[in-house]
Amino acid sequence: MVNLLTADLNLLVALDALLMERNVTRAGARIGISQPAMSSSLQRLRRQFDDQLLTRIGSSYELTPLAQVLQEDVSQILRMVERTFDAQAVFDPALSTRSFRIVTSDYCLTALSGTLMNMLQKEAPGVQVHFDAVTPQAVERIKETLQNADLMLIPKGHFSGFPHTELFTDNWVCVTGDTSAEKTLTVEQMRDARWARLFGTEVDSTLADRRVYDLQLGEKTDIIVDSFLMLPFAVAGTSRLALVQERLAQMLASVAGVKIMQLPISLPTLVECAWWHPSKSPDPGHQWFRRLVARAAAELDTATEPGSEPAAPGSIHISEPSEAERPEPLTAQYLPA
């Protein structure tokens, strides 16, 4: 048995970061230590467990079978420790120095962070927010992601079975670098055009991209990017097309030098949501934070809904489940577009 009085429990923090990131440099950056210091921690952990924990497969690292077993246990232990030290009968945001972690796309960050951070500055000046980029791997390992983050901001349709709050909606438009093009696309133009797309595989792409792909309208893809913000700039100066959220297109059209075009087909409305692990639901601080995120999202539409006339105050649908609501079974699954 390990003697807890002599054990270095800080190694649990390093272990959690290493198992999450599967990369020494990124793990060090995640917890704010240098790459050499994280390498030293990895060596100590390997001696502690008599196991490599991370093994190189090609150009990346994979978890050993023991590391896979440890991953969920370590994550849960650290979250329990955090909740123990953060425990308060009543959460006071004005006095709190708590740090919250959000996994999100650059699109949602661009749309929401300004309003959210202004609210935090006024109501909780000591609170910090750490933003992590959403990746296909984060979606594939959704339970693990939600255990290690406070919120994940991602639209409906990629998985189910976790509590969530609807934040805001958006429409899809096309952008092109051909500024002389007509405002409305035709189906034939979509079929003949070359495209820029996010990630590039059917599983990793958005529901809108999957719909276009299913209709065989976006098969000529020759530019692949890994962020929404890159899409307008990827097609700038060319006749290529890219599917972009209307809010983002309006923000970047003049900067990137692209034209916004309306689509001739119907695409699923983007319903952006905040998702969390059900174990966090009773936490007063977490309850306050997700209400704050929902309030920030509601302010996005107090002026104008994309593609419509100004909306009346309170017209945004916020559907936060009650704390007593039982979540569906915790299984992530891809849904049809």
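**Exercise 1. Place L12 in the chain and state which residues L12 touches.**

Step 1. L12 is found in helix α1; helices are DSSP runs of H or I with at least four residues, strands are runs of E with at least two, and both are numbered from the N terminus. This is a predicted model, in which local features need pLDDT of at least 70 and side-chain atom pairs count only at pLDDT 80 or more, while totals for chains, interfaces and linings use all residues. Residues are numbered from 1 along each chain as its sequence is written, and side-chain values use heavy atoms, with hydrogens and water left out.

Step 2. L12 has 25% relative accessibility and counts as partly exposed. The classes are buried (under 20% relative accessible area), exposed (over 50%) and partly exposed (in between), with a 1.4 Å probe and protein chains only.

Step 3. Leaving out residues up to four places away in sequence, L12 touches V74, I77 and L78, where contact means heavy atoms within 4.5 Å.

Step 4. S75 stands 63 residues from L12 along the chain, and the two C-alpha atoms are separated by 8.9 Å.

**Exercise 2. Describe the chain as a whole: its helices and strands, its buried share, its contacts and its surface.**

Step 1. Count the elements: the chain has 12 helices and 12 strands.

Step 2. Of the 337 residues in the chain, 47% are buried.

Step 3. Take the contacts between residues at least 6 apart in sequence: 77% of them join residues at least 24 apart.

Step 4. The accessible surface of the chain is about 17,000 Å², and carbon and sulfur atoms account for 53% of this surface. Accessible areas come from the Shrake-Rupley method with a 1.4 Å probe; for residues, only the protein chains shown count as cover.

**Exercise 3. Work out what lines the largest pocket.**

Step 1. On a 1 Å grid over the protein atoms alone, a pocket is an open set of points where a 1.4 Å probe fits, with protein on both sides within 12 Å along at least five of seven lines; lining residues have an atom within 4 Å of a point.

Step 2. The largest pocket holds about 680 Å³ of space. Grid points are joined across faces, edges and corners, and the volume is the space filled by probe spheres set on the points.

Step 3. The lining consists of 24 residues, and R79, E82, S99, R101 and N148 lie nearest the centre of the pocket.

Step 4. Sort the lining by element. At least two residues come from each of α1 (10-21), α2 (24-31), α4 (65-86), β3 (99-104) and α7 (142-148). With 7 residues, α4 gives the most.

Step 5. Sort the lining by residue type: 8 are nonpolar, 5 polar and 11 charged. Here Ala, Val, Leu, Ile, Met, Phe, Trp, Tyr, Cys and Pro count as nonpolar, Asp, Glu, Lys and Arg as charged, and the others, Gly among them, as polar.

Step 6. Sort the lining by domain: domain 1 (9-86) and domain 2 (97-158 + 276-303) each supply at least three residues. The domain bounds come from an automatic or database domain assignment.

**Exercise 4. Is V103 buried or exposed, and what does V103 touch?**

Step 1. V103 is in strand β3.

Step 2. V103 has a relative accessible area of 6% and is buried.

Step 3. Not counting residues up to four places away in sequence, V103 touches D132, A133, V134, T145, A149, L151, M152 and L153.

Step 4. One of these, M152, is 49 residues from V103 along the chain, with 4.6 Å between their C-alpha atoms.
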